[in-house]
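Subject: Structure for you to look through

Dear colleague,

Please find below the sequence and the structure that I promised to hand over to you. Could you open them side by side and keep them in view while you read my notes?

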Amino acid sequence: MYDQVNAIRKSKGFLSVEQTLLLTEQGNTVLDPFSVLISESANIGDDNLFYPNVIIQSDHSSEITIGSGNVFYPQTLMIAEAGGGVTIGNNNQFGDNGCSVKANLASSVIEIADNGRYLNGVR
């Protein structure tokens, strides 16, 4: 049913709409699977909440690992590219009013511990 949408997502390395919905089997909540983009290579824990317009993006040389119990409000952007990595602990809040976390320089690494609040357009 969503063949064209899924083909475009796959060409950019993102999960299909159906694969995004499968995250709910781990207790995650995805409020709008059409506007949430998560890379196929991302490691997603349990009980996370993804609001609309969230992007979790990594290339094949990079890694994003997300723990459990995190909340990703709209306009949250997580990028790992060029051999970089993003590791997120548990029980964090990203947004509201956007949050950008970018490990997109050669071998850059960002580690976010537990219980943080990253609000109001953190970049």
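This is a predicted model: local features need pLDDT of at least 70, side-chain atom pairs count only at pLDDT 80 or more; totals for chains, interfaces and linings use all residues.

Five strands form an open sheet with parallel pairing, in the order E1-E4-E7-E10-E13, where strands are DSSP runs of E with at least two residues, helices are DSSP runs of H or I with at least four residues, and both are numbered from the N terminus. Two strands are said to pair if DSSP finds at least two bridges between them. The edges of this sheet are taken by strand E1 (29–30) and strand E13 (117–118), each of which has a single partner strand, so one side of each is left without a neighbour in the sheet. Within the sheet, strand E7 (residues 71–72) runs parallel to E10 and is joined to E10 by two bridges, and in one of these places Val71 has Gln93 of E10 as its bridge partner.

Residues are numbered from 1 along each chain as its sequence is written, and side-chain values use heavy atoms, with hydrogens and water left out.

There is also an open sheet of four strands, again with parallel pairing, and its order is E2-E5-E8-E11. Here strand E2 (37–38) and strand E11 (99–103) are the edge strands, each pairing on one side only. Strand E8 (residues 76–80) and E11 run parallel and are joined by five bridges.

Thr76 lies in strand E8, and the bridge partner of Thr76 in E11 is Cys99. Is Thr76 buried or exposed? With 1% relative accessibility, Thr76 counts as buried, a word that means under 20% relative accessible area, whereas exposed means over 50% and partly exposed means in between (1.4 Å probe, protein chains only). Leaving aside residues up to four places away in sequence, Thr76 touches Asn53, Val54, Ile55, Phe94, Gly95 and Cys99, a contact being heavy atoms within 4.5 Å.

The other residue is Ile38, which lies in strand E2 and, at 0% relative accessibility, counts as buried. Among the residues that Ile38 touches, not counting those up to four places away in sequence, are Phe14, Leu15, Leu23, Phe50 and Ile56. Although Ile38 and Leu15 are 23 residues apart along the chain, their C-alpha atoms are separated by 5.8 Å.

In general, most residues other than glycine have a negative phi, and most peptide bonds are trans. The place of Asn97 is in the loop between strand E10 (93–94) and E11, and Asn97 counts as exposed at 56% relative accessibility. The loop between E10 and E11 also holds Asp96, which is joined to Gly95 by a cis peptide bond with an omega of about 10 degrees.

Finally, a few values describe the protein chain as a whole. The protein chain has two helices and 13 strands. Its radius of gyration is 13 Å, close to the 14 Å that the globule rule gives for 123 residues, so the protein chain is as compact as a globular protein of that length; this radius is taken over C-alpha atoms, and the rule is 2.2 Å times the number of residues to the power 0.38. Along its principal axes the C-alpha trace spans about 40 × 30 × 25 Å, and 42% of the 123 residues count as buried.
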